Every structure is written in C-alpha cells, then in structure tokens.
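I am opening a notebook on a structure that is new to me.

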Amino acid sequence: LNTCAIREGAETKIWNKLRSKYHAYKVRNPDKIIGILGCMAERLKEKVLDHGVVDLVAGPDAYRDIPRLIDLVSNESNTCKPMNVQLSFDETYADIIPQRKTEKSIQTFLSIMRGCNNMCSFCIVPFTRGRERSRPVISIEDEVKYLRDAGVKDITLLGQNVNSYHDLDNQGRDAPI
C-alpha cells in the first residue's frame, strides 16, 4: 500500500483498510506479503509493523530497496520484519517516468523536485520527504519531450516549493526551465 501522511484522513483510510480488507486477506493468504510504503511508513515506522498484518515497511526514498526487503520477508530464517525508512539526500526519481492513468489527456503534472527545507510548525513534509532535492534539468527536459510526443500540451511543474528549484548537476549553476 502506497501511503500519504500529509492529511490525517489519508492515514485513517490505510488503518481502516489494514483492519478490514487486508487483515482478512492475510488470514486467507498467510504466504502473501503486505507492505506499507511511502510517507506514512516513514512517519510511523515500527507502529505500522506492530499492527500485525504488515510484513515490511519502506519509506518514500526506499523504493529501490523493496526487492531486498521482500527477500528478507521470504527468508524463513529471518526473525525480524524488514524496514527501510532512510531518507535520501539525493533521490529525485529523475530516471523514472511515471505511468499516466489516462493516455489521452493533454494535461499532466511533472515533479521537478522533492522534499522541503522550510521547517513550518504545521507541516510534516521535511520529516517524511526529507530535504529539498531538485531533478537535473536534462531529466526534466527529457520527460517534457516524452510527454509532448505523447500529445500532452499543458504541463504543470510540481514541487513543495518550486521557487527554490536548482540544478546542481549543471556545474553548480541554476538552469532555467
């Protein structure tokens, strides 16, 4: 289950699904692996594992580690439940082009950065997504070209604070988008 921790309602939905749908599923299929991924996993860590239904926990920057975590769950000699909630200083997902729900859409969103350096008292983002990391401008250009070729005409750039975007891969100079 890919999770969010920005709004309490999102976490409540996951807890409800774990108690009802996934608890019954796990009872019927004890060999199936259930994982909690994303920001809720990052924020709650062991509390999610203590629920009993969950076999592994991976924070939003640990997606590349999921095959190893699954192997640990599958290894019968492993007595602990695997968890990786290590926040990255450089993960931007620059090399991953997301699957679009609607191939026919002419509008989409494109993430150009992750995390946030503002430590607002009301916000959880710096603690669940980590510090600001901007994608290299070349990866953004490549994705824009891919989207253009797919017929997208309207692209909205996303980031927690897009005004602080900077491309450090461009010899330390900010690259205009």
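Predicted model: local features only at pLDDT ≥ 70, side-chain atom pairs only at ≥ 80, totals over all residues.

Residues are numbered from 1 along each chain as its sequence is written, and side-chain values use heavy atoms, with hydrogens and water left out.

**Entry: two single residues**

I looked up Lys13 and found it exposed, with a relative accessible area of 59%. Lys13 sits in helix H1, residues 8-28, where helices (H or I, at least four residues) and strands (E, at least two) are DSSP runs numbered from the N terminus. Its C-alpha atom is separated by 25 Å from that of Gly159, a residue 146 positions away along the chain.

I then turned to Asp167, in the segment that follows strand E8 (154-158). Is Asp167 buried or exposed? Its relative accessible area is 3%, so Asp167 is buried. The side chain of Asp167 reaches the backbone nitrogen of Val137 at 3.0 Å.

**Entry: the whole chain**

I noted six helices and eight strands in the protein, which follow the pattern β-α-β-α-α-β-α-β-β-β-α-β-α-β when read along the sequence. The C-alpha atoms fill a box of roughly 50 × 40 × 35 Å, taken along the principal axes. Of the 177 residues, 36% are buried.

I also looked at contacts, meaning heavy atoms within 4.5 Å. Among the contacts with a separation of 6 or more, residues 24 or more positions apart account for 62%.

**Entry: strands and their partners**

I traced an open sheet of four strands in the order E1-E2-E3-E4, with parallel pairing; two strands pair if DSSP finds at least two bridges between them. Strand E1 (2-3) and strand E4 (83-84) stand at the edges with a single partner strand each, so one side of each has no neighbour in the sheet. Strand E3 (residues 56-58) runs parallel to E4 and is joined to it by two bridges, and Val57 has Met83 as its bridge partner in E4.

Elsewhere I found five bridges between E5 and E8, which also run parallel, with Leu158 of E8 as the bridge partner of Ser111. Strand E5 (residues 107-111) has Thr108 and Leu110 on its covered face, whereas Gln107, Phe109 and Ser111 are on the uncovered one.

**Entry: the cores**

I next searched for nonpolar cores, each a set of buried Ala, Val, Leu, Ile, Met, Phe, Trp, Tyr and Cys residues joined through side-chain atoms within 4.5 Å. Which residues have the most contacts inside the largest one? They are Trp15, Leu18, Ile36, Met40, Val48, Val54 and Val57, in a core of 17 residues. H1, helix H2 (39-44) and helix H3 (46-49) each supply at least two residues of this core. Apart from it lies another core, of eight residues, including Leu110, Val137, Val152 and Tyr165.

Terms used:
Buried < 20%, exposed > 50% of the residue type's maximum accessible area, 1.4 Å probe, protein only. Polar contact = N/O pair within 3.5 Å; in protein donor to acceptor, adjacent residues only side chain to side chain.
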